Amino acid sequence: MSARRLPEGPDEAILRDRPVTIEVDSKLIHCFEGDTVGSAMAVGGITITGRSFKYHRPRGLQCMTGNCPNCLVTVDGIPNVRACTEPVRGAMKVVRQNAWPSVGADIHGWLNFWSFMMPPGFYYKVFHRPRWAWHAVEPLIRSKAGLGFAPEEEDHRTRERISLHADVLVVGGGPAGLAAATEAASAGANVVLLEQRREAGGHLLGEPGGRVRAAGLVSAATDVGVKLLSGTAAFGVFDGPIVAGWNPDALYRIRARHVVFATGAIEQPAVFPDNDLPGIMLSSAVDLLVNRFRVLPGRKAVVLTASDGGYGTAESLQRAGASVRVVDLRGEVGPTPTMAGLAPVLGATILRAHGRRRVRAVEVGPPGASGGRKIPCDLVVLAGFAVPSTNLLSMTGAKVEFDDHAQAFLPVDLPPTVHAAGAVAGSRTTDGAITQGRLAGLEAAAAVGHGSAAASERVGLLRLQAAADGDPVVLPPETGLGKGKQFACLCMDVTNKELKFAVEEGFDSMELLKRYTTITMGPCQGKGCMLASQRLCGKATGHTLAETRPTTARPPWTPVELGTLAGERRSPRKETTMHDVHVDAGAEFMWAADWRRPHHYSTPGREVEAVRQRVGLIDVSTLGKFRVKGPQASDLLERLYPNRFGDMKIGRVRYGAMLNDEGVILDDGTVCRLTEDEFFVTVTTGNTAALERWMTWWLADWGLDLRVLNVTAAYAAVNLGGPDSRKVMEKLTDADVSKEAVPYMGCVPMDVAGVPSLVLRIGFVGELSYEIHFPSMYGEHVWDATMEAGEEFGIEPFGLEAQRILRLEKQHVLVGQDTDAESDPYEAGLGWMVKLDKPDFLGKRALIDLEAAGPAERLVGWTADPSIVPPEGSSVVHEGVWVGRVTSARRSATTGKTVGLAWVPAGWAQEGTHFDIQFGTVTIHATVALKPFYDPEGTRLRS
Amino acid sequence: MTFVIACPNCGPREALEFSFGGETTRRAGPEASEQELAGYLFFRDNVMGRQIEWWLHRDGCRKWFLAERNTMTNQIERTFWPHERGRTA
Amino acid sequence: MHPIRYFKPWKMWRRHDLKKAYDVVIVGGGAHGLAVAYELAKRGVRNVAVLEKNYIGAGGSGRNTTIIRANYRTPEGVAFYKESLRLYEHLAQELDYNLLFSQQGHLTLAHAERALITAQERAEVNRLLGVDSRVIYPDEIAKLCPVLDLSDRPDFPIMGALYHPPGGVIRHDAVVWAYARQADRLGIEIHQDTEVTGIDVENGRIKGVRTNRGDIAAPVVLSAVAGWTSEIARMAGVRVPIVTHPLQAFVTEPLKPFLHVILVSATLHIYISQTDRGEVLIGSEIEPYTSYSQSSTLNFLEVTAHHAVELVPILGRVRMMRAWGGLCDVTPDYSPIMGETPVEGFYLDAGWGTYGFKATPICGVTMADLIVSGQVPELIKPFALSRFWDRELVSEIAAAAVSH
C-alpha cells in the first residue's frame, strides 16, 4: 500500500483526536475530522476513485480542488459528489461510480479495448440502416449514458435565498482576494468576500507554512469587517450586474457597486499517452495531500515542471519520505532547484506513461523525441501549468486577449466597476498577487467614495509594483509520444487523436469541436480541458494558441444544486375572508386562478336543485373589482367597452365585455354606475391582474383625468340566488328589496346584516338573485347571517361546479373557456353589445371589418341525450373532418338533457341543426339550441 | 431578468418587479386603412438596439411608464412618464 | 450496415471562396437553411450559397431542446407537423447519418381543468388527423414516469396528461451536420463566418446580398435566421410581424437514465427530458420581454429549478451544469411565416418561435418546392405573410405557448 498517513506536520488540517470512520464500497476507512472523502480514500489506499464516462478507464485523484471529474462519487445516495472536497462525516456511505459490478473489476472495462471502434461521433455513422436497427440498439446505447444514479430520495433540506448589497464584492479568497477585501474594508467600504472552498487562503493552504500565512490574511480581513462567506461558490454573473453564489444551504444574490475578481488560475494536466492513469496528479493535489491532510500519495515520484514552483512540491514529497525525480522543461534553471539534491532532468518532458491500474513508470526525454528514458514511479506530479479563471470575468462583459509572457488569455477591457487581481490577471507569485489585490481593493473603495490622499499615494506605489511578475511561461508539448490514449478531456474521454479526426471531418473551430466531440461539456465545464483543446484544435487547424479563442463563458462556473436554486418557494395561494366557514361546512376546494375556492359542499346536483327550487349562497369574493372614479370616468369606459356607458343612469348595472384592438374578447363582467363620476366594475377572477394592467395602460396612454383602483381585496362578495332569495334579503336588511326598489340590473347601496353593502341584481345563475359586495373584514359575519336567515327556506351553500351547471343552463359564456385568443363578439353571440356608431372604442376598427365579413364560426348552445356527457374539448365533426369543438358540457338535471356550448361552422347556427360530436371512438348526436336551455325568456331572473 | 429599471416614481428596482408592455406603437383609430390596422396590430420594428417601450411597476406603484432600453444588452438608458413623450422622445 | 467506413474521417463539408453570383442565397446556416439547401440540390438547383455569420448550427438549431412532436392544436398545425414527424422518422436513412432519434413519448401534464380541456381538444384534433395522442390519468402517468410527484402535495397537483407516444428527442447538432454534409456532397457551398450586411433590392426585385467577405448577386434570397429575421427583412425593406424573445434552458450533470419520457407542463412553464448523454435537459417558456441578449438570467434558473423540483422532487440534489439562451422570432398567432414577401425573389422561413426545430425537414421540402416551382405548397399556404393583412391567423397559442 503506497499511501499512508504521515506523522503530524505544521500545516495539517486534520483533527487527530476526532476519528471518523466512513465506508467506501463496503470498505471501512478510518480517518479524521478535517479529512475529505478524497483524502480518506488516499489514506485507505484507494487509488481508483471512479471509472471514466465513455471508456470506463480507471481514474484517480487528480486535482483535490473540486475541479476535475475523476473523483465524482455517490455519497449517501447523492450522485456526482466531488470526493476531494467533500468533508468526511461519521457513517458516511460512499459508492464509486460508473462501474459494474465494482470499480475494481468493472465489466465495461472492455470498452477501453474496443475504443478503436469508437472514433468521435461514431454513433452518428452506424446503426441507422436499416431503420429497425436503431430501434434495437438505442436502449443499449442509452443505458451507457450518465455517471451516477439519480437520487432515490427527494431532498428535504431547507434552503435560504439571501440577497446582499455591498460596496465591494471580492470573488475568491486566495491571497489576492483577501488583500483586496482587507484594503477595501480598511478604507471604509462595506465588503463581502466569496470563497468557494471551506477555508480561505487559496493555494497557500497546500504550501509549507502557507496555512499560518493564510490564517493571518483571513484574520486581517475579518478584523476590518470583511463579511467572509466561505464554502460559497460564485457561479455566475448576471444582468444587473448580480453575482450569484451558492452553498448547499443558501443561494446568494449579491449586488455590489464594484466587484474584484480574484478567481485565481486552475492547474492543467499535460497531454501524453495514458496521462489519465491513477497516480498522475496536479501539484495542487499533492501539496494538499502531503501538507494539509498528511497522506503520502506515492513513494517514487516524478515531478514535471517548467517553473520553480514545481520544486516546492518536490521538496514536500522528499521531506515526507518519497524519492523524487524532477523533469524540467526548461533547458537551464536558476539556483533554487538544485537545492536539496533534486538534480533535475533538464530540457525534457514526459513522453508517455506506463501502467494499467495506476502509473508504474514514465518515459522522459526532450519534447518531440522518438524515445526516452524510462523512470519507474508510482506518482507523477504535473506542476505549474495553470490557466487563469477568467470565466466569471467574461460574464461581466470583459474581453480576454492572449498574453505571450503568460501563454494564456488574460482579461482586458474590464467594465468600469470590475477589477481583476492575482493569478486571474496574470500574477504568478503570492507577493505579486497580494500587491495586485491591494491595488484593486484600494481602487474599488475609492470608486465607491472611500478614497483618501494617502490611499491615492499608495495606489501609485502599488501600480509600480503590480506589473506582471514571474518568468515567461513554458508549456509542455501539445502531445506526447506513441500509441496510448492521450486525453485532452477527462470528463468526456476525448483524446488528441479524436480532436484531430474531428478537425479533419470539418469541425474546424472550437465551437464545432466542442459540440461534436463534447470536449469541455462535461462536469468540469472546461476547467481542466479548455487549454488542451484550444492547443490541439490550433495544432490541427494550423493556428497558434493565440488565434484559437476559448468558447463562450456561460454560467454556471461551478455546478449548482437545483434545490439551492429552487429555494423554499410556494406558489401564491389566496383564500377569501370566508374561507374558514367553507372549511367548516365541509367544502372540497379547487384552484380558480391563484385562489382556493369551494368546488362543492354536498353534491353539485343537490346544490343546483337548491338554487333552482329554493335559495343558495356562493362566495364570489374572488371577482376582480375596480372603482373607476373621476371626471372622465365614463369617457374611459366608453373607450374600453364596445357598449355604451355615457348614457347609463345612476343605480344601474350593465353587462359588458372588453375587447382588444383586434376585436378579440378579453373579459366580461358588470359595470355599475354609483354616481356621475364613479363606477364599480367587476371582472373575471382569473383575469383581474391582466385587466388591471390593461385598463391602467390605456389610462396612462390616453392621459385621462381619473383613477382606476383595484379594490378586489377590499371587498368580499356573495351571490344569493334562487326564487326565495328576496325573502332571505328581507330578513337581512331594513331596506326595500322589492322588484321596484331593486329592479333587475339595478344596484343599490344598503346595509345587509348591519354591514354597508352594494347590492347588484344580476343573474348569472338564471334566478332572482342578489350579488352583495361589502367590506372584506365582514366576510364570515355576512355569510353566517345569510345562512341563518335562509335556514327556514332551506338555503344551501353552493360551489363552483353547481355555478357552472347553472350558468350553462342559461348559456352564459365563460370567457377563456368558451372563447379563446381569437374569439370576437360576433362569433361568440355577443354582437348585440357592439355599438359601432360610437365614435371610437378599443376594437372598433377591427369590428367594422369583422361585421362586414360575417363570422365563419359561431359559438352555439347544444343539447344531447342525457345518458352521456362528452368531455370538454371533444370535436365537432362533419364527414370525418374536424370542424369545431365543444367548450362546455354538463348533464343538466333541471332540463333532463346533456347541455353544452360548442364552436360550429356559422351556417349551423340555426335552431334545431343536428350535428355530431366525437371523442375517442364515441360519436353522439347533438342539436343546436340558440336560446338558454332553462327559462329562455328570462322571466325568473327578472321576477 | 435581474437588470435594474428606474421607475420614475419609485426609483431603481429589479426588473422582476415590472411587467413589460412592448415597444410603443401608434394606435390605428376607426378611420385607419386595413394596412394601417394590420401594421398597428401585428407589425413591430423589433430593433436591435435602442427601443422605446412600456413598463408597468407591477409590484410597486402600479404605474405605467416608458423606458428606452438597448435590446442587445438590456441596459435601460432612461425612463419617463407618458406625458413626457413629446418633450423627451 | 457499412462495418468499417467510419474508421476514417468523413469529410463533412468544405470551405470555399465566395463567388460573385449564385442562383440562390440562403441566409442562415442552421437546420432550416441547410435543409432547404439540400432539398434544392436534390431538385437540381446546386449553384447555391448558404451564408452563416458564425458556425453552422450556432443559433436556434444548436440551442433548442430537441423535442420532436406533432400534437398541435389546429388542423393546419397538426397536418404540417405530422408530415414533419414522418420525415424525421426516416431522416437518418435519407441523410445517411444517425440522428439518435429517441421516440420515447411525450407527456403534456395538465394541472388545471382548463389545461385538461385543452389536452382533450388536442387529442381529438390529433386523432382525427391520424396523430397518435390521447388523454391519460395519474395511474397511467405513474407507470410511464415513476419519478413524477403525482401526490396532492404540490401546489398544482397533476390531474391528467396528453400522451403522444411518437414524440421524441433527437440530436439537434447531428441534424444540422447531416444536412450540411449531404448539401455539400451535392455541390452546395456552405460559407461559415460570413455575415450578411445588406440586401440589394431594385424595383421590387431582389438583386443580391452584401457580406463581410464581398458582395454576391442572386435572384433569389431566402432568410432562415431565427431570432434576427426582423433585421434581415429590414435590409430587404420588408416589415414583419415578429418580436424577438429570449428562451433559456439548462442541463444537469449526467445521470444514469431514469427519465424515459418527455415531460411538459404548461402550468409550470417547463419541459424536462433526459439526453443521450444522461444530462437532464430543462427548458422554460420564452422570457416575457423582447431582447436580443442570449445571456442566461438568474431568475430563470431559480424559477425553472423550483418548477423542476416540484415536478420531479429527486432533482433537488442534482446539479445544474450548463445553461444557455437562444432567440425566438415570435409571431402574433404563434405560427410561422413561410413563403413569398412583397419583394420578388425574397423569401421568408421565419417566425418559428420555439417550434422551428420540429419543422426542419418539412421546411426544407416545402420551401425548396416553392423556390423551384413558384407554386406555394398546400401545407404552407396557411402560413403566408399575407395572412396578417387578410386576418386569417392560425392560432397555435394553446399548443405552442409553452414551447415543448
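Chain A of this predicted model contains 23 helices and 50 strands, where helices (H or I, at least four residues) and strands (E, at least two) are DSSP runs numbered from the N terminus. Its radius of gyration, taken over C-alpha atoms, is 38 Å, well over the 30 Å that the globule rule (2.2 Å times the number of residues to the power 0.38) gives for 943 residues, so chain A is more spread out than a compact globule. Local features need pLDDT of at least 70 and side-chain atom pairs pLDDT 80 or more, whereas totals for chains, interfaces and linings use all residues. Residues are numbered from 1 along each chain as its sequence is written, and chains are lettered from A in the order in which they are written.

- Along the principal axes, the C-alpha atoms of chain A fill a box of roughly 115 × 75 × 55 Å.
- Of the 943 residues in chain A, 55% are buried, that is, with 20 or more other C-beta atoms, placed from the backbone, within 10 Å of their own.
- Among contacts in chain A with a separation of 6 or more, 66% join residues 24 or more positions apart, a contact requiring C-beta atoms, placed from the backbone, within 7 Å.

**Where chain A meets chain C**
- In chain A, 75 residues are in contact with 65 residues of chain C, and helix H3 (residues 131-143) of chain A supplies the largest share of the chain A side, 5 residues.
- Strand E31 (residues 560-561) of chain A pairs with strand E17 (residues 319-330) of chain C in the antiparallel sense over 2 bridges, pairing being defined by at least two DSSP bridges.
- A:Val560 stands opposite C:Met320 in E17(C).

Conventions. Buried ≥ 20, exposed ≤ 12 C-beta atoms within 10 Å, placed from the backbone. Contact = placed C-beta atoms within 7 Å.
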